[in-house]
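Trainee: Could we go through this model together? I would like to know what stands behind each label we put on it.

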Amino acid sequence: MSEEQAVSAVVHLYVDGMAFANEAALRKAFHPNASIVGNYEDSVEWLTRDAFISAIVEEGPAPPDSQPFMEVEMIEITGDAASVKVVDEFAGSRHTDYLTLLKVEGRWLIINKVWHRHA
């Protein structure tokens, strides 16, 4: 598997984990110290990985037969660092997510997510 395929696999794991409220998938995709940041209700929201996962689980899963929307618009990799721009849908809203990944002990992990919710 190429590095781009490995990064893409983590992005798919993340989007599927969000769509289906799959805590195990999200824990596998994100580094334990990851930050999730975006504007929410006119203020900056900073979440830890665990707080983010709790919010996803609380929202609940999409129907099991649904196909999550996802468009990977950009993957850039330099050595053990990667940046991904992905457009996805969660809880009825479209988002653009900017994901920063780092290869840790041979595995790509999301270490930072900055998101924008489209109106």
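Trainee: What makes residues count as lining the largest pocket, and which lie nearest its centre?

Mentor: The largest pocket is lined by 20 residues, and Y40, E45, F90, H95 and W115 are the ones nearest its centre. A pocket is an open set of points on a 1 Å grid over the protein atoms alone, where a 1.4 Å probe fits, with protein on both sides within 12 Å along at least five of seven lines; a lining residue has an atom within 4 Å of a point. Please keep in mind that this is a predicted model, where local features need pLDDT of at least 70 and side-chain atom pairs count only at pLDDT 80 or more, while totals for chains, interfaces and linings use all residues. Residues are numbered from 1 along each chain as its sequence is written, and side-chain values use heavy atoms, leaving out hydrogens and water.

Trainee: What volume does the largest pocket have, and what does that figure stand for?

Mentor: The value is about 460 Å³. It is the space filled by probe spheres set on the grid points, which are joined across faces, edges and corners. For the second largest pocket, the space is about 160 Å³.

Trainee: Which element gives the largest share of the lining of the largest pocket?

Mentor: Helix 3 does, with five residues. Helix 3 covers 49-59, and among the other elements that supply at least two residues each are helix 1 (3-19) and strand 5 (93-104). Helices here are DSSP runs of H or I with at least four residues, strands are runs of E with at least two, and both are numbered from the N terminus.

Trainee: How do the lining residues of the largest pocket divide by class?

Mentor: There are 11 nonpolar, two polar and seven charged residues. Ala, Val, Leu, Ile, Met, Phe, Trp, Tyr, Cys and Pro count as nonpolar, Asp, Glu, Lys and Arg as charged, and the others, Gly among them, as polar. The lining of the second largest pocket has six nonpolar, one polar and two charged residues. Helix 1 gives the most there, with four residues.

Trainee: Why is E71 called partly exposed?

Mentor: E71 has 39% relative accessibility, so it counts as partly exposed: buried means under 20% relative accessible area and exposed over 50%, with partly exposed in between (1.4 Å probe, protein chains only). E71 sits in strand 3 (residues 70-78).

Trainee: Which residues does E71 touch, leaving aside those up to four places away in sequence?

Mentor: K85, V86 and V87, where contact means heavy atoms within 4.5 Å.

Trainee: What is the strand order in the open sheet?

Mentor: The six strands run 2-1-6-5-4-3, with mixed pairing. Strand 2 and strand 3 stand at the edges with a single partner strand each, so one side of each has no neighbour in the sheet.

Trainee: How do you know that strand 1 and strand 2 pair, and in which sense?

Mentor: Two strands pair if DSSP finds at least two bridges between them, and strand 1 and strand 2 have six, in the antiparallel sense. For instance, S35 has T48 in strand 2 as its bridge partner, and I36 has L47.

Trainee: In which sense do strand 1 and strand 6 pair?

Mentor: They pair in the parallel sense over five bridges, and V37 stands opposite V114 in strand 6.
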